[in-house]
Amino acid sequence: MKPNPYSAPEPGAPVPPPPPAYSNPNEGDATGGLIPYKNPKALISYYLGILSGLPLIGLPIGLTALVLGILGLRDRKRNPVIKGGFHAGVGIGCGGFFTLLWALILFSLIVALMTNP
C-alpha cells in the first residue's frame, strides 16, 4: 500500500522543501499573450496607428506610429520572447497609410490655396 501524499507528516519526520517556482519566459501571462507589454514600442505604435485616423492631429501621430512600429519590429526580431509583431504591423500599416493620406490632403489644400487667390 502506498503512503498518502496528502496526509500530515509524522512528528519528527523531515519536511521536504517546497517545489521550485515554475517560471518559463516563453509562456504567456494572464492576458494570454494578447497584450505585448514587454514590447512597449509595438503597443504604443498600435494605439497611435489607430488614432492617426483623426483629422488635424493624424499626420504627426501617424508618423510617430510608423517609427515606433518599425522600432517595435526590430526589438521583436532581436528578442522573439517579447512578442508584439502583430501590434507593430498594425501600427506601421495604419500609421503609414494615414501619414500618406493626411500629407496628401495637406499638400492639396496648400496647392489649392496658392492657386486660387
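At 12% relative accessibility, H87 counts as buried, where buried means under 20% relative accessible area, exposed means over 50%, and partly exposed is what lies in between (1.4 Å probe, protein chains only). The model is predicted, so local features need pLDDT of at least 70 and side-chain atom pairs count only at pLDDT 80 or more, while totals for chains, interfaces and linings use all residues. Residues are numbered from 1 along each chain as its sequence is written, and side-chain values use heavy atoms, with hydrogens and water left out.

H87 sits in helix α3, and, if its neighbours within four places in sequence are set aside, H87 is in contact with L34, P36, A42, L43 and Y46, contact meaning heavy atoms within 4.5 Å.

Helix α1 covers residues 40-51, and at 1.5 Å a residue its 12 residues should span 16 Å, which agrees with the 16 Å between its end C-alpha atoms; the expected span is 1.5 Å times one less than the number of residues. The buried residues of α1 are A42, L43, S45 and G49. Seen down the axis of α1, these buried residues fall within an arc of 160 degrees, so they line one face of the helix, the arc being that of the directions from the helix axis to the C-beta atoms. An α-helix has 3.6 residues a turn, so residues three or four places apart point the same way. The buried residues of α1 pack against α2 (58-78) and α3 (85-115).

The loop between α1 and α2 holds P55 and also L56.

For the chain as a whole, buried residues make up 22% of the 117 residues. Among contacts between residues at least 6 apart in sequence, 70% join residues at least 24 apart. The accessible surface comes to about 8,800 Å², of which 73% belongs to carbon and sulfur atoms, with areas computed by the Shrake-Rupley method using a 1.4 Å probe and, for residues, only the protein chains shown counting as cover.

Terms used: Helix = DSSP H or I, 4+ residues; strand = E, 2+ residues; numbered from the N terminus.
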